[in-house]
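Reader: I'm new to this one. Can you take me through it a piece at a time?
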Amino acid sequence: MSVNGGRFWTTGPFGATYSAGLTLEVPLFDRRNGAVRKAQAEARAAQFRTEIAKAQALTEIDRYTALVKTRSAALDTFNRRIGDKLPTLGRMAEDAYRLSGGSVVELIDATRSRFDNMATRIDLASKLADARLRLELARGDQAIANP
């Protein structure tokens, strides 16, 4: 609704006139469908955004699940082939040096190899722990996310 008023001048015949008016909107053909359709479109867009977010979360969970399996298998394989034998190899190198007169260079080389393999085991274990943590965070486990 609006109210208006004004003064108008004329030249022939010369004169002035005053007017006042009141304007009301009467929606004969407009039923305000535009606003309803806009709200429906926004609701559909929000629904699509939610579906996209769910799909991304599920993809991330699947990716981290596969990563945990791969890293677990790598650590298990390392432990089976090398990791369980490291203490024995260390003792064998020390015994060879002490008892059979092996050189210090061989003992140092065996010790370095043993420590390199221990570092590899620690690296594999830390990467597995990282993948497990990321998987739990992707799943939304709050106990791990907020200790």
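Author: First, how the elements are named: helices and strands are DSSP runs, numbered from the N terminus. Keep in mind that this is a predicted model.

Reader: Fine. Where is Arg32, then?
Author: Arg32 is in the loop between β2 and α1.

Reader: Is Arg32 buried or exposed?
Author: Arg32 has a relative accessible area of 51%, and the cut-off for exposed is over 50%, so Arg32 counts as exposed.

Reader: How far is Arg32 from Ala53?
Author: Their C-alpha atoms are separated by 33 Å, and the two residues are 21 apart along the chain.

Reader: Let's go to the strands. How do β1 and β2 run?
Author: Strand β1 (residues 2-11) and strand β2 (residues 14-23) run antiparallel, joined by 10 bridges. A hairpin of two residues leads from β1 to β2.

Reader: Which residue in β2 is the bridge partner of Val3?
Author: Leu22 is the partner of Val3. Further along, Arg7 is opposite Tyr18 in β2.

Reader: And side chains on a strand, where do they point?
Author: As a general rule, side chains in a regular strand alternate between the two faces of the sheet.

Reader: New topic. Which residues make up the largest nonpolar core?
Author: It has eight residues: Ile61, Tyr64, Val68, Leu75, Leu128, Ala131, Leu135 and Ala138. Two or more of these residues come from α1 (33-81), and two or more from α3.

Reader: Why would nonpolar residues gather like that?
Author: In soluble globular proteins, nonpolar side chains tend to be buried together.

Reader: Pick one of them. What is Val68 in contact with?
Author: Setting aside neighbours within four places in sequence, Val68 is in contact with Leu128, Ala131, Arg132 and Leu135. Among these, Leu128, Ala131 and Leu135 are also in the core.

Reader: What about Ser72, buried or exposed?
Author: Ser72 lies in helix α1. Its relative accessibility is 17%, and buried means under 20%, so Ser72 counts as buried.

Reader: What does Ser72 touch?
Author: Not counting residues up to four places away in sequence, Ser72 touches Leu128 and Arg132. Val68 is in contact with both of those residues too.

Reader: How many cavities of 30 Å³ or more are there?
Author: The count is one. The largest cavity holds about 40 Å³ of space.

Reader: How does anyone find empty space in there?
Author: Rolling a probe the size of a water molecule over the atoms shows where empty space is left.

Reader: OK. Which residues line the largest cavity?
Author: The lining consists of Leu89, Gly90, Ala93, Glu94, Leu107, Ala110, Thr111 and Arg114. By class, four are nonpolar, two polar and two charged. At least two of the lining residues come from α2 (86-99), and at least two from α3 (104-139).

Reader: And Asp109, where is that?
Author: Asp109 is in helix α3. With a relative accessible area of 39%, Asp109 is partly exposed. Ala93 is one of the residues lining the largest cavity.

Reader: Last one: where is Gly101 found?
Author: Gly101 is in the loop between α2 and α3. At 60% relative accessibility, Gly101 counts as exposed.

Reader: How far apart are Gly101 and Arg31?
Author: They are 70 residues apart in sequence, and in space they are 102 Å apart, C-alpha to C-alpha.

Key. Residues numbered from 1 in each chain as written. Predicted model: local features only at pLDDT ≥ 70, side-chain atom pairs only at ≥ 80, totals over all residues. Heavy atoms only, no water. 1 Å grid on protein atoms, 1.4 Å probe; cavity = no way out; pocket = protein on both sides within 12 Å on 5 of 7 lines; lining within 4 Å. Points joined across faces, edges and corners; volume = space filled by probe spheres on them. Helix = DSSP H or I, 4+ residues; strand = E, 2+ residues; numbered from the N terminus. Nonpolar A, V, L, I, M, F, W, Y, C, P; charged D, E, K, R; others polar. Pairing = 2+ DSSP bridges. Core = buried A, V, L, I, M, F, W, Y, C linked by side-chain atoms within 4.5 Å. Buried < 20%, exposed > 50% of the residue type's maximum accessible area, 1.4 Å probe, protein only. Contact = heavy atoms within 4.5 Å.
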